[in-house]
Amino acid sequence: MAKKSRSPAAPSLAHLKEEICDIGRRIYNKGFAAGNDGNISYRLGPNKVLCTPTMISKGFMTPADLCIVDMEGNQISGKRRRSSEILLHLTIMKERPDVRSVVHCHPPHATAFAVAREPIPQCVLPEVEIFLGDAPITVYETPGSQKFADTVKPFVKDCSVLLLANHGTVSFGETVEKAYWWTEILDAYCRILMLAKQLGNVEYLSAQKSFELLELKQKWGFTDPRLDEAHAECDIGANDVFKSTWKQTGVVRRAFKAPPPMKRPRRSSKK
Ligand SMILES: [Zn+2]
């Protein structure tokens, strides 16, 4: 989830290129990007975005391989052709002025949920509640087009990582590393959920302990739509924030049982 933060000192272009190559290696080594899968971007300025090229393994990029595009996706520099998925990145950046970096890849465990159209259960692991919150699933669309990029629009203001139906994940944040973290945390979580389910039980946190995590989240400066007045009546463990999209996206709770009800006690006006 987005953290309300001060803007950090701007890193140099050379540093950012190295960082993108480093995150590319991490994505590849984690098995999140087979072949030439995945792409990474960083907003350098109002109309300038550094991004990975197409047709290259993200595990073996050098700084000289990276491209720069404008906010419409037109290539400004770089000897290789920009990623075909850059419109997805740019759409997120346009919707979220606080976002500087976007990471898209195909991590197998999280992507399995996007293929199964199974909502990611909430209120199971503390770190996931604090750092991620709900990770919604989009409507499926053929990759590469603006129509595909637009599938994230209904969700992007209320999350920091989401699942692209039958495709992969996209996460975003103020730095390249943080944008990547949300993907790594989500995939580890999805793997743990699958393992626990194989063992035979997924135990949800109690309502009280879940509220405590949301309070901690607020204290640490992370936002979460479940803390907003608009969702004051929501059930914090029931994916309520995005549930209205399930019919359209084909998401149905099939594999994991619903958590027990976790209605928030009516909050005082404390912020
Ligand atoms: Zn992809």
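**Aromatic pairs and a zinc site**

Ring pairs link Phe131, Trp181, Trp182 and Phe222 into a cluster. This is a predicted model, where local features need pLDDT of at least 70, side-chain atom pairs count only at pLDDT 80 or more, and totals for chains, interfaces and linings use all residues. Residues are numbered from 1 along each chain as its sequence is written, and side-chain values use heavy atoms, leaving out hydrogens and water.

User: What makes His104, His106 and His167 donors of the zinc ion?
Analyst: Donors are N, O and S atoms within 2.8 Å of the metal (3.2 Å for Na, K and Ca), and water is not among the atoms, so sites may look incomplete. The NE2 atoms of His104, His106 and His167 lie 2.0 to 2.1 Å from the zinc ion, so they qualify.

User: Why is His104 called buried?
Analyst: Buried means under 20% relative accessible area, exposed over 50%, and partly exposed in between (1.4 Å probe, protein chains only). His104 has 1%, so it is buried.

User: Why is the pair of Phe131 and Trp182 called stacked?
Analyst: Rings of Phe, Tyr and Trp (its six-membered ring) pair if their centres lie within 6.5 Å; planes under 30 degrees apart count as stacked, over 60 as edge-to-face and the rest as tilted. Here the centres are 6.1 Å apart and the planes at 20°, so the pair is stacked.

User: And how do you know that Phe131 is partly exposed?
Analyst: Its relative accessible area is 24%, so Phe131 falls in the partly exposed range. Trp182, at 5%, counts as buried.
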